[in-house]
Amino acid sequence: MELYLKGKTAVVSGASQGLGRAITKELAMEGVTVLATARNEALLHALRDEIIAAGGTAPVLLVQDFVAPEAPQRIAAAALTNLGHVDILINNAGRSRPLDVVAPEDEWAASMTLDFDRHRQLTQELLPHMIERRQGSILNITSTYELRSINASAVAKASVVVWAKQLAGQLGKYGITVNSLQPGLIDTANIRRFFNAAERRQFASQEIALGDFGDPQDVANMATFLVSPRAKYITGTVAVVDGGMRQYPF
Ligand SMILES: NC(=O)c1ccc[n+]([C@@H]2O[C@H](COP(=O)([O-])OP(=O)(O)OC[C@H]3O[C@@H](n4cnc5c(N)ncnc54)[C@H](OP(=O)(O)O)[C@@H]3O)[C@@H](O)[C@H]2O)c1
């Protein structure tokens, strides 16, 4: 399916590995120039080499700690300088943070900063430009909200979903879409910390209809569609890529 993405520009946070890396590569293969940002410079360079070797559009790299207070301004400035304008924003950087029911304030604050505030702030930096151009697609990579134990990252991501729905309501008149993508369990470093191979098999066979964790590419496929002109009438939604892990009331 032609996605009409060729020549567009994007910012992807958390682009060095996992879901952000797969999304960056998929967008680049569709002809999108991506500002790819994360902390790990070596991984970012390896991603750029891989994209060029595969015939994709070379991304612009920005090594930046997303938690740094000035990160949203720096990323937005680098994007506008290098790309001219931003059509697509993928709010992806994040880290699962399981906590005890009574947990230190700094752990909660760290998750709210990384998984909610910085995404909201980067979006706010880029929104005036999108509104002026009356064009933009914003996609937030969130998380399940059906965990049975405390995970501060998932709480922050729930805030992202509510904020995104509110934003979508106000930005539709400018032709800007805002959606969230909720991964189930996708095989990345973020998740490998919590499951060894045997645990993964056992969990997946019991809890996931399709019988295994997903691949980053599964998320990249949905993400690329959702930020493409093909999805121009989709906004305020939460798309789920979880192999049937979540059971919905109908
Ligand atoms: N994989 C899943 O099953 C799953 C499930 C639910 C939600 N998610 C969400 O999906 C998103 C991507 O997760 P993933 O599984 O792809 O994780 P991952 O493989 O660990 O990748 C996380 C990315 O975020 C970046 N990042 C983390 N902290 C950062 C910081 N302080 N500054 C800049 N970049 C930072 C990392 O880059 P550097 O280390 O290079 O900085 C990396 O590129 C996260 O928001 C996560 O919460 C994933």
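**View 1. An oxygen atom of the ligand lies 2.7 Å from a polar backbone atom of I186.** This is a predicted model, in which local features need pLDDT of at least 70, side-chain atom pairs count only at pLDDT 80 or more, and totals for chains, interfaces and linings use all residues. Residues are numbered from 1 along each chain as its sequence is written, and side-chain values use heavy atoms, with hydrogens and water left out. For N190, the corresponding distance to an oxygen atom of the ligand is 3.5 Å. The ligand on its own exposes 870 Å², and the protein buries 92% of that area (areas come from the Shrake-Rupley method with a 1.4 Å probe; for residues, only the protein chains shown count as cover).

**View 2. The shell around the ligand is made of 30 residues.** The closest residues are R39, N92, K157, I186 and T188. Helix 6 gives the most to this shell, with 3 residues. Helices and strands are DSSP runs, numbered from the N terminus: a helix is H or I with at least four residues, a strand is E with at least two. Sorted by class, the shell holds 13 nonpolar, 14 polar and 3 charged residues. Ala, Val, Leu, Ile, Met, Phe, Trp, Tyr, Cys and Pro count as nonpolar, Asp, Glu, Lys and Arg as charged, and the others, Gly among them, as polar.

**View 3. Helix 3 runs over residues 71-83.** The helix has 13 residues, and the distance from its first C-alpha to its last is 17 Å. That is close to the 18 Å expected at 1.5 Å a residue (the expected span is 1.5 Å times one less than the number of residues). Which residues of helix 3 are buried? They are A71, P72, I75, A76, A78, A79 and L83. These residues are on the same side of helix 3 because they cover an arc of only 165° around the axis (the arc of the directions from the helix axis to the C-beta atoms). Buried means under 20% relative accessible area, exposed over 50%, and partly exposed in between, with a 1.4 Å probe and protein chains only.

**View 4. D87 sits in the loop between helix 3 and strand 4 (88-91).** Is D87 buried or exposed? D87 has a relative accessible area of 4%, so it is buried. The side chain of D87 makes a polar contact of 3.2 Å with the side chain of H85. Another polar contact, at 3.1 Å, joins the side chains of D87 and R133. A polar contact is a pair of N or O atoms within 3.5 Å; within protein, one must be able to donate a hydrogen and the other to accept it, and residues adjacent in sequence count only if both atoms are side-chain atoms.

**View 5. Y4 is not a glycine, yet it has a positive phi of about 55°.** Y4 lies in the segment before strand 1 (9-13). With a relative accessible area of 49%, Y4 is partly exposed. R134 also has a positive phi, of about 50°, although it is not a glycine. R134 belongs to the loop between helix 4 (105-133) and strand 5 (136-141). R134 is exposed, its relative accessible area being 51%.

**View 6. The C-alpha atoms of F116 and A156 are 5.4 Å apart.** Along the chain, F116 and A156 are separated by 40 residues. F116 is part of helix 4 and is buried, at a relative accessible area of 14%.

**View 7. T9 belongs to strand 1.** T9 is buried, with a relative accessible area of 5%. How far apart in space are T9 and H85, C-alpha to C-alpha? The distance is 7.0 Å, while T9 and H85 are 76 residues apart in sequence. T177 is found in strand 6 (residues 176-183). T177 is buried, with 9% relative accessible area. From T177 to L167 the C-alpha distance is 8.8 Å, across 10 residues of sequence.

**View 8. A53 is in helix 2 (residues 41-53).** At 70% relative accessibility, A53 counts as exposed. A53 and M222 are 24 Å apart, C-alpha to C-alpha, and 169 residues apart in sequence.

Methods: A residue is near a molecule or strand if one of its heavy atoms lies within 4 Å of it.
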